[in-house]
Amino acid sequence: MIESLRCLPGVGPKSAQRMAYHLLQRDRRGAERLGQAITEALQHLRHCTQCNNFTEAEVCERCLSARRDHSLLCIVEMPIDLNSMEQTHAFSGLYYVLMGRLSPLDGIGPKELAFERLIQRATDGEVKEVILATNFTNEGEATAHYLSETLHARGLKVSRIARGLPVGGELEYTDAATVAQALLERRDYQ
Amino acid sequence: MGRQRVDGQTCFVLHHHPYSETSLIIDVFSRDHGRLPLLARGARRPRSAMRGMLMAFQPLELGWFGGGEVRTLAKAEWLGGMPLLSGRCLMLGYYLNELLVKLLPREDAHAALFDTYFAALSALAQGGADAPELRRFEISLLRELGYGLTLDVDADSGEPVQTSADYAFVLERGPVQKVGAGDTALEQGLRGKTLIDMAADDYSDPRTRLESKILMRRLLAHHLGGQPLQARRVFMELQEL
Ligand SMILES: [Zn+2]
């Protein structure tokens, strides 16, 4: 059991031991619930046919929600990125989670990421604008570039989230790369 | 420990992969120490100053210490001056990196190749004509690896290659003048002029650009020993979207 717990991120041998003793000695009910929850999640969890995020239903709640703007589709790399976008409360459209990014040296290309599925989703007629919110790494940029080309060619409006200094950011404390890119991508100011 | 401390090295990150929960192993190409892996401790922590800086295609000044196969990264500074690669140029950058990762042995200094790589990336970053830089890099790579690439001397006769003659390129040997037409049907056309242009580093002729690309692809495939280039496959698949 200690060995199994160590598969969790950030859990070393000591904390795994502590968790195991806690579950077995102090909280056996909790241990039972945890075991059941994991088994159920593994059995029922699948990818939403609309957004590709993990869900237990065929289509997740967010994708079914009438309160969301179904003409906006925001593409992110991972579920955690979707959570970051949601925390902004600034986006009311829908998402598509790629579950990765292009990584040519690791052999991750459009087939491995199932671009075909995403293209189908984005061209279902309801989506009018696609917002590319992949990371500002080389891999995220490559992903955004090719998705932009292929979705643009299919008549969709495509935009990319902007990069620059953090809110409340001071030049003095911002890394050189960010400042350099912010300078390069400067815009008219009135 | 502390067997060696190296500072102020101009480097490029070729590739990286996560190591433990918070660290990163980067495959680095340095000007004076060649290619080597470095452990970037804590580089994946949310507030790490190195997070985001250790990216490919950007000149960095790195310092490291330690013995053993994997040294520890001690210092990283952004040198800047190179716009980020994008689109097709970014994919070509991955192609260069994959060639280095697959063909360049570790800890062999190749300063001339480093400079050619730097120049090729600069050209890609400007988004301009890239064929000469790519060919220059490929030729430099094979020469630095000791494959003694001879372009403008006939491997059979020892005579200089002639502009108007046709040649076949024999692997491990060099160009051999074709006698008669089509004695090697599989061979792509290779003019003497292309070989002379390549030796003179002149890629202004479109046919030289095409034939040199085909020749270098064949030579690299040979030295890769059948290992497929992932970057090329991914690039091709992306073009078909
Ligand atoms: Zn969904």
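These legends go with close-up views of a predicted model that has a chain A and a chain B.

**View 1. Where chain A and chain B touch.** Let's start with the meeting place of the two chains. Chain A brings 28 residues to the contact, and chain B brings 26. Together they bury about 2,200 Å² between them, and 67% of that comes from carbon and sulfur atoms. On chain A's side, look for L105(A), N138(A) and Y146(A): these lose the most area to chain B, together 33% of what that side buries.

View 2. The rule finds two salt bridges between chain A and chain B. In a salt bridge, E112(A) reaches across to R233(B), with 3.4 Å from N to O.

**View 3. What chain A's side is built from.** Three helices of chain A each give two or more residues to the side that touches chain B: helix 6 (115-122), helix 7 (138-153) and helix 8 (176-184). Helix 7 of chain A supplies the largest share, seven residues. Sort chain A's side by class and you get 13 nonpolar, eight polar and seven charged residues.

**View 4. Helix 1 of chain B.** This helix covers residues 87-103, 17 residues in total. From first C-alpha to last, helix 1 of chain B reaches 25 Å, close to the 24 Å expected at 1.5 Å a residue. Of its 17 residues, 14 are buried, so helix 1 of chain B is largely enclosed by the rest of the structure.

**View 5. Two residues with a positive phi.** Here's a backbone detail to look out for. Most residues other than glycine have a negative phi. M99(A) isn't a glycine, yet its phi is positive, near 60 degrees. You'll find M99(A) in the loop between strand 4 (93-97) and helix 6 of chain A. With a relative accessible area of 24%, M99(A) is partly exposed, because buried would mean under 20%. Over in chain B, F57(B) also has a positive phi, about 70 degrees, and is not a glycine either. F57(B) sits in the loop between strand 3 (34-40) and strand 4 (60-65) of chain B. Is F57(B) buried or exposed? Its relative accessibility is 1%, so F57(B) counts as buried.

Key
Residues are numbered from 1 along each chain as its sequence is written. Chains are lettered from A and ligands numbered from 1 in the order in which they are written. This is a predicted model: local features need pLDDT of at least 70, side-chain atom pairs count only at pLDDT 80 or more; totals for chains, interfaces and linings use all residues. Side-chain values use heavy atoms; hydrogens and water are left out. Contact means heavy atoms within 4.5 Å. Buried area is the accessible area (1.4 Å probe) that two parts lose on being put together, summed over both. A salt bridge is a side-chain nitrogen of Lys or Arg within 4 Å of a carboxyl oxygen of Asp or Glu. Helices (H or I, at least four residues) and strands (E, at least two) are DSSP runs, numbered from the N terminus. Ala, Val, Leu, Ile, Met, Phe, Trp, Tyr, Cys and Pro count as nonpolar, Asp, Glu, Lys and Arg as charged, and the others, Gly among them, as polar. The expected span of a helix is 1.5 Å times one less than its number of residues. Buried means under 20% relative accessible area, exposed over 50%, partly exposed in between (1.4 Å probe, protein chains only).
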